[in-house]
Amino acid sequence: MKVALAYATVVLIWSTTPLTIKFSTDSLSFIAAVGLRMGLAGAVCLLICLFTRTPLRRDPQALSAYAAANIGVVGAMSATYLAVAYIPSGLVSVIFGLAPLLSGVFARWLLGEAALSPLRIGALMLSLGGLGLVFQGALALPGDALPGLLLSLLAVTLFALSGVLVKRQSAGMTALEHTTGSLLLSLPVFLLGWLIFDGQWPLQMSRLSLLSVGYLALFGSVFGFMLYFFVLQRLGPTQVALIPLITPVFALALGSLLAGEAIGALTFVGGALILLALAVYQGDARLQRWLAQRREGLLLREAG
């Protein structure tokens, strides 16, 4: 029951994050909104570390891991906050469905993992076709969607790259320790960004922006992350891999119901192809395990 509740909570948080990001910029610049979110989340994580007496590593390997995470925390998040000003928030969630596929490519390049199977290469090609339809459908909508689409693509690329680099750098670090160090390291960068792109003080915050920043800091950046690791430890990667397949559907529905965001039919088709490609890509791991077990069984029978 606890695992099911945690799983449902992760899906809910991930589904509501893109729209809440859009709401957080109601009265704030993108850099103020994302900087406040990460600052508040960092403070909460630091308090948890102090309460649980969890030491924060500051050795070169730890600093490298924090820096790798900030490719996602600073780079991907900033691009995402900019993107929602141009395109529907649910569409950002659809494009982020490419993250596991891009992670596989980066892992092959940076971690020396095994070459992609023909099925996974086919899934990547299918996802590129879906992405093309998403772009074509979004560009047909009123307004200038191209900057938002390119920013979303940049965000998911940086997010995937960050995840692979973190995997290479963060051996032996707990999720809390890594999250806290990464958030604290990001704060000077966000402060510098705010001085360059905004610099308005005092901040004029609407109630919608205030509530959205608080929600994203506490749930999107702290509890959501911890719950995700809790679910991953209890269920394993196969069941957790379904989350990116579920969240875009809810994100699109929430964007339409709560913000009146319009999504064209072609964009829906392209998004469906991306999610299908993700399902094929994730399913290949199960297929490879089944084939390996079958080969092992045959060898045992022959040896017997």
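Which residues do ring pairs link into a cluster? After that, please take helix α7 as the part to look at closely, and then go through the other details of the chain.

Reply: Ring pairs join Y215, F219 and F223 into a cluster, and a search of the whole structure finds 5 aromatic pairs. Please keep in mind that this is a predicted model, with a mean pLDDT of 83 for the chain and 87% of its residues at 70 or more. Among the elements of the chain, α2 has the highest mean pLDDT, at 94, whereas helix α10, residues 237–240, has the lowest, at 56.

Now to the helix itself. Helix α7 runs over residues 146–169, which makes 24 residues, and from its first C-alpha to its last it reaches 34 Å, close to the 34 Å expected at 1.5 Å a residue. Its buried residues are G148, L149, L151, S152, A155, V156, A160, S162, V164, L165 and V166. What covers these buried residues includes α3 (60–83), α4 (89–95) and α5 (99–110), together with α6 (118–139) and α8 (175–197).

The setting of this helix is a chain with 12 helices and 0 strands, so that its pattern, read along the sequence, is α-α-α-α-α-α-α-α-α-α-α-α. Of the 304 residues of the chain, 44% count as buried, and the accessible surface comes to about 15400 Å², of which 71% belongs to carbon and sulfur atoms. Among contacts in the chain with a separation of 6 or more, 89% are between residues 24 or more positions apart.

One of the helices that cover α7 is α3, and N70 lies in α3. N70 counts as buried because its relative accessibility is 10%, which is under the 20% cut-off. Leaving aside residues up to four places away in sequence, N70 touches G75, S182, L185 and S186.

In the loop between α2 (30–52) and α3 there is R53, whose phi is near 55 degrees, a positive value in a residue other than glycine. R53 is exposed, because its relative accessible area is 77% and the cut-off for exposed is over 50%.

Charged side chains are the last topic. Side chains of opposite charge can pair when their charged atoms come close, and this structure holds 2 salt bridges. In one of them the side chains of K22 and E261 meet at 3.1 Å, N to O. Because K22 lies in helix α1 (residues 2–24) and E261 lies in the loop between α11 (243–259) and α12 (265–303), the pair ties together parts that are 239 residues apart in sequence. K22 is partly exposed, with a relative accessible area of 27%, whereas E261, at 11% relative accessibility, counts as buried. Another salt bridge is the one in which the side chains of R57 and D59 meet at 2.8 Å, N to O. Here R57 is partly exposed, with a relative accessible area of 24%, and D59 counts as partly exposed at 26% relative accessibility.

Key
Residues numbered from 1 in each chain as written. Predicted model: local features only at pLDDT ≥ 70, side-chain atom pairs only at ≥ 80, totals over all residues. Heavy atoms only, no water. Helix = DSSP H or I, 4+ residues; strand = E, 2+ residues; numbered from the N terminus. Expected span 1.5 Å × (residues − 1). Buried < 20%, exposed > 50% of the residue type's maximum accessible area, 1.4 Å probe, protein only. Contact = heavy atoms within 4.5 Å. Areas by Shrake-Rupley, 256 points an atom, 1.4 Å probe, with all protein chains shown as cover. Phe/Tyr/Trp six-rings, centres within 6.5 Å; stacked < 30°, edge-to-face > 60°. pLDDT = per-residue confidence, 0-100. Salt bridge = Lys/Arg side-chain N within 4 Å of Asp/Glu carboxyl O.
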